[in-house]
Amino acid sequence: MSDESPTSTLVSLHGINRTFYLGDSKVHALCDVNLTIAHGEYIAVMGPSGSGKSTLLNLIGLLDRPDEGTYMLEGRDVTTLGADELAAVRSERIGFIFQSFHLVPRLSAAANIELPLVLAGFSKTERAKRVSQALQEYGLTDRANHRPNELSGGQRQRVAIARATILRPAVLLADEPTGNLDRVTGEEVVKLLEKLNAQGMTLIVVTHDQTLGARARRQIRMVDGGIARDVTNGAVVPNDAP
Amino acid sequence: MKVTDTFRFATNAATAAPLRAGLLVLAMSIGVAAVVMLTALGDGARRYVVDQFSAIGTNLVIVLPGRSETRGFNPANLVTSTPRDLTVEDAEALLKLPSVKRIAPILVATTEINAAGKLREAMLLGTNDEYIKVRQMKVGLGRFLSKDEVGRGSAEVVLGAVIRREIFGAENPLGKTVRVGDRRLRVVGVLAEGGQGMGMTTDELLIVPVATAQAMLNSNTLFRILVEVGSREQIDEAKARVLKTITQRHDGEEDVTVITQDAILETFDKILNVLTLGVAGIAAISLAVAGILVMNVMLVSVTQRTGEIGLLKALGATSSAVRQLFMVEAILLSLSGAVVGVGLGYAGAAVLRQLYPTFPAYPPLWAVLAGLATAIISGLVFGVMPARRAARLDPIQALSKR
């Protein structure tokens, strides 16, 4: 499916509702959300805390299920899939990047990158090949045997990105990818993500950072569980951002 | 996820917290070591008793006067109901049976020995020259009783080692005369030290010819007849023949009891096996405690590694894969505890054997296997709950927790 044209539909959300119960109070995290995302898009999801950004991201990432509505991923209705089928789809088609990196502290950088391959049951030789290639691509070869606590923040996030992309997913979901990094390393990480997007990987970034959000070709602004503004501005060049 | 990868990941996770893993292995190993050592003790006791009983000789059939079972009407009961004495002649008659190799009549009484101005109470044992072979004892000095004809006892005595030491000290007792009861007997030999059997030491015995003992005690009856059979296979046959012969000689009345050494051994074996099992059961309680500890440690581990579990799920791990990872970790921990425990148990048993050389404290194989199996099963059983909890974790909440 990766050879589809970039304009074909990747994600199609229709009438999505998601409600949480916190004690007695009902929280409408997502209210009647309709959203279509094409292959190869670069989207920034912005909005105040509690506006439903993360819920939307988790839902697209198949970590959460909608209470109502349909979600088609690459033309396939994933709302009806069982837990194990969802795990398989997550493994093959979706890559996650977290604000706090979520590296396994006892495993080396190489072992962290290898993790999705291990879980997917790849052979040892195939794993070694892919991991060494990824280490090279992300400039981590000399850091391969270091534990996460021996790596800098930028290196950690690069390990996390290498891990998220090792299985060549269709979509990369990043939740505040620069939130725990200083400005310079944050810039590096964003450039890395944009490079991946330029290679055809769909990129969805959730962020508070206006500067970062402005670099995306499409900006979605969420308020109170609904999409308040959806601006596609293909003409904006990232370097033009203030 | 491949099985080897599951094991590698679980091993890595277990060893990443060495103190936690170490304590758990320690607890499990103490449980298993307790099972191994206590069964070694129990089984040692069983062997000790069996050895003691075997020490009275091999392939023995024992005849004792009196009937131990109740029978229905028997014509002989009409004629007489007085149990006949078990006599030396009965014993001689048994020797003619084909499967019988040796016989030794026994008569026992307490008596006094008086010699060199010293007086001592001692156990008198009247028997024949074959006794030493039947009982497989050794003479330390001089010779055993000489073969004499039935009913004609010579005035000789063989002393137990302790009696000899207490009466004669370092002096050579051979050829000396001692007074036993109202008789004067010549010392012809001394038994080797340390012989025992049926909880009775031979070191304090005075052994005299059976006829001499009968005359001294003014009695015609025997205490026991020991019959040594040619081979183990002949024991049952010999037992039947012995009973038949004596019944015939006693005018058709079955007034003796014939027991085999095997039957007695079997009974002791059974009783002490049950004892060993009981002891093992008590030790198994500590294994259950260790199992609960496994559960506790694994639950803590699940809580500590919430983020990791969420990540694994986000990376495409199925719930069953997560469950397997935690199960394998629990089993690996309890298994290594079990292996260490078996080692400790064997070492402990070896120390016991060093301290008490006569006590054969060897852990039986079944107990070792049962200990290992219990450890693994408790790891499995008590690992299930934490593993299920890990598998059921909501990845979103798990990931949001730092």
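This is a predicted model: local features need pLDDT of at least 70, side-chain atom pairs count only at pLDDT 80 or more; totals for chains, interfaces and linings use all residues.
**Ground rules.** Residues count from 1 along each chain as its sequence is written, and chains are lettered from A, with ligands numbered from 1, in the order in which they are written. Local features need pLDDT of at least 70 and side-chain atom pairs count only at pLDDT 80 or more, while totals for chains, interfaces and linings use all residues.

**Sheet in chain A.** I started with the open sheet of chain A, where four strands run in the order β2-β1-β4-β5 with antiparallel pairing. Strands here are DSSP E runs of at least two residues, helices are H or I runs of at least four, and both are numbered from the N terminus. Two strands pair if DSSP finds at least two bridges between them. At the edges I found β2 (25-38) and β5 (76-77) of chain A, each pairing on one side only. Then I looked up β1 (residues 9-22) and β4 (residues 68-73) of chain A, which share five antiparallel bridges. A:N17 has A:E68 as its bridge partner in β4(A).

**Helix α5 of chain A.** Is this helix enclosed or open? Ten of its 13 residues are buried, so α5(A) is largely enclosed by the rest of the structure. Buried means 20 or more other C-beta atoms within 10 Å of the residue's own; exposed is 12 or fewer, partly exposed is in between, and C-beta atoms are placed from the backbone. The buried ones include A:R156, A:R158 and A:R163, along with A:V159 and A:I161. They pack against β6 (94-97), α3 (109-119), α4 (124-137), β7 (171-175) and α6 (183-198) of chain A. I also checked the length: α5(A), residues 153-165, reaches 18 Å from first C-alpha to last, close to the 18 Å expected. That expected span is 1.5 Å times one less than the number of residues.

**Cores.** Next I went for the nonpolar cores, meaning sets of buried Ala, Val, Leu, Ile, Met, Phe, Trp, Tyr and Cys residues joined through C-beta atoms within 7 Å. The largest has 133 residues, and A:V45, A:L173, A:I204, B:V35 and B:V36 have the most contacts inside it. Helix α2 (residues 18-54) of chain B gives the most to this core, 15 residues. Apart from it lies another core of 54 residues, with B:I62 and B:V227 among them. Back to A:I204: leaving aside neighbours within four places in sequence, its contacts include A:I43, A:V45, A:L57 and A:L173. A contact means that the C-beta atoms, placed from the backbone, lie within 7 Å.

**Where A meets B.** I found 21 residues of chain A in contact with 20 residues of chain B. On the chain A side, the largest share, six residues, comes from α2(A). That side divides into twelve nonpolar, five polar and four charged residues. Nonpolar here is Ala, Val, Leu, Ile, Met, Phe, Trp, Tyr, Cys and Pro; charged is Asp, Glu, Lys and Arg; the others, Gly among them, are polar.

**Strand β6 of chain B.** Which residues of this strand sit on its covered face? They are B:V178 and B:V180, while B:T177 and B:R179 make up the uncovered one. Side chains in a regular strand alternate between the two faces of the sheet. β6(B) pairs antiparallel with β2 (residues 100-115) of chain B over two bridges, and B:N114 stands opposite B:R179. With β7 (residues 183-191) of chain B, β6(B) makes four antiparallel bridges; B:V178 has B:L185 as its partner there. In the hairpin of β6(B) and β7(B), with two residues between the strands, B:G181 takes a positive phi near 60°.

Note on methods:
Two residues are in contact if their C-beta atoms, placed from the backbone, lie within 7 Å.
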